[in-house]
Amino acid sequence: MRDIAVVAFAQSPGTAADRHDDMAEILLPVMREALASAGIDRTEVDFWASGSHDFHEGRTFAYIESLDAVGAWPPISESHVEMDAAWAAYEAWSWLQLGEGEIAVVYGVGRGSLARDLDQVTSTQLDPYFLAPLRPHQDALAAIQAQALIAAGALDEKQMAEVVARARAGAVGNPAAQVSGEVTVDELLAAPYLASPLREHDRGPIGDAAAVLVLAAGDTARRLAQRPAWVRGADHRMDSHYPGTRDLTRTDTIGLAAEKAAQQAGFAARDVDIAELHTEYSYQEPLLAEALQLSGTVNPGGGPLVARPTTATGLIRIGDAARHILTGRADRTLAHATNGPALQQNMICLLEGDR
């Protein structure tokens with residue numbers, strides 16, 4: 001397998017809703033920062049991959065607008081995924097494996113605040129004949145999974161509140177966070193329910209942001225970064241899109257993706273120093289941590305529970321996991337990304353720095 005590494009990562013500050021900038025204007029300063037950090041300009045990039053959601057924008061091929069921040073002349077090699085940009089990163093990583101280029105740039109633009117009712121968008125991911133017409137909102141589907149775990153004795157509401165309190169404390173000083181600060185477990189448990197057993201704080205705040213990741217191969221990566229974050233293994237798996245056909249207390253796709261990634265990487269999820277998990281709801285952290293047998297630090301900056309820009313959140317998990325290695329904070333890290341209702345699709349990425 002060809003050696004591919006993350007050599008630079010940048011993201012915009014977290015904001016609940018950006019009504020001043022269009023997609024290209026949100027992306028442009030982040031793109032400039034990432035390329036400058038890698039010490040390259042756009043003419044050196046061999047492949048571009050992006051992730052966003054036209055449904056959020058309310059118009060088809062809306063992502064084309066983001067190319068104004070990239071520059072499409074002279075012609076570029078470019079691809080787009082209509083989902084979280086973590087899957088664009090997987091595509092770029094796979095593309096570089098083919099040996100047709102040395103540098104790839106991946107970007108995601110999350111604009112979840114644009115939809116007047118985001119649940120009208122998320123319900124289109126469901127079974128079109130039976131479930132989608134009922135339009136269950138995403139928080140209700142998450143609450144069903146959380147309640148199933150509580151009924152099975154896998155966790156309780158106090159544990160969920162402890163996850164939130166830790167996330168908000170860790171987010172202090174994090175410019176990407178939309179919420180942060182000290183809060184007690186008792187204060188969180190006193191809040192009203194959003195969809196029992198979930199409260200408002202149990203879900204990450206949706207906002208608008210952009211993130212850019214620079215990947216490079218072999219000697220090029222060593223030239224562009226003092227300590228590249230090598231992507232040693234990556235895999236993604238998908239479960240049934242109909243939640244009623246699966247046991248919501250099990251995470252088989254996560255375990256399988258982690259197993260396949262570990263076979264490539266030569267080390268397992270339990271061996272990492274820091275894990276960045278795509279936890280859109282508080283109950284998901286203990287569920288994922290147990291499935292992956294994690295023993296290190298989880299989401300030290302607060303993770304998605306303090307900022308969740310739709311379609312960019314998973315890419316940010318990969319970027320943050322890489323940044324821990326780039327800065328020397330960790331030797332091995334894990335990034336997890338998810339897409340779809342109740343952890344339907346899952347990706348595991350294992351990264352490692354030169355020792």
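This is a predicted model: local features need pLDDT of at least 70, side-chain atom pairs count only at pLDDT 80 or more; totals for chains, interfaces and linings use all residues.
Trainee: Why is Thr251 called buried?

Mentor: Buried means under 20% relative accessible area. Thr251 has 16% relative accessibility, so Thr251 counts as buried.

Trainee: Where is Thr251 placed, and what does Thr251 touch?

Mentor: Thr251 is in the loop between β8 (229–238) and α9 (252–265). Leaving out residues up to four places away in sequence, Thr251 touches Leu287 and Ala291.

Trainee: What makes a set of residues a nonpolar core?

Mentor: The residues must be buried, and they must be joined through side-chain atoms within 4.5 Å. The largest nonpolar core here has 37 residues. Val6, Val106, Leu213, Leu215, Val231 and Leu351 touch the most other members.

Trainee: Which helix gives the most to this core?

Mentor: Helix α3 (residues 86–97) does, with eight residues.

Trainee: What is Leu213 in contact with, leaving aside its neighbours within four places in sequence?

Mentor: Contact means heavy atoms within 4.5 Å. For Leu213, the contacts include Val6, Ala8 and Phe9. Ala89, Ala104, Val105 and Val106 are also among them.

Trainee: What does the second, separate core include?

Mentor: That core has 31 residues, among them Ala5, Val30, Val70 and Val214.

Trainee: Now the pockets. How do you know that a residue lines one?

Mentor: A lining residue has an atom within 4 Å of a pocket point. For the largest pocket, 31 residues form the lining. Thr122, Gln125, Gln138, Glu280 and Gly340 lie nearest its centre. The elements giving two or more residues to this lining are α4 (118–122), α5 (138–151), β11 (308–309) and β12 (332–339).

Trainee: What is the volume of the largest pocket, and how do its lining residues divide?

Mentor: The volume is about 520 Å³. The lining has twelve nonpolar, 15 polar and four charged residues. Gly counts as polar, so Gly340, one of the residues nearest the centre, belongs with the polar group.

Trainee: How much space lies in the second largest pocket, and which residues are closest to its centre?

Mentor: About 410 Å³. This pocket is lined by 26 residues, and Gln11, Asn174, Ala176, Asp320 and Arg323 are the closest to its centre.

Trainee: Which element gives the most to that lining?

Mentor: α11 does, with five residues.

Notes:
Residues are numbered from 1 along each chain as its sequence is written. Side-chain values use heavy atoms; hydrogens and water are left out. On a 1 Å grid over the protein atoms alone, a cavity is a set of points where a 1.4 Å probe fits but cannot get out, and a pocket is an open set with protein on both sides within 12 Å along at least five of seven lines; lining residues have an atom within 4 Å of a point. Grid points are joined across faces, edges and corners, and a volume is the space filled by probe spheres set on the points. Helices (H or I, at least four residues) and strands (E, at least two) are DSSP runs, numbered from the N terminus. Buried means under 20% relative accessible area, exposed over 50%, partly exposed in between (1.4 Å probe, protein chains only).
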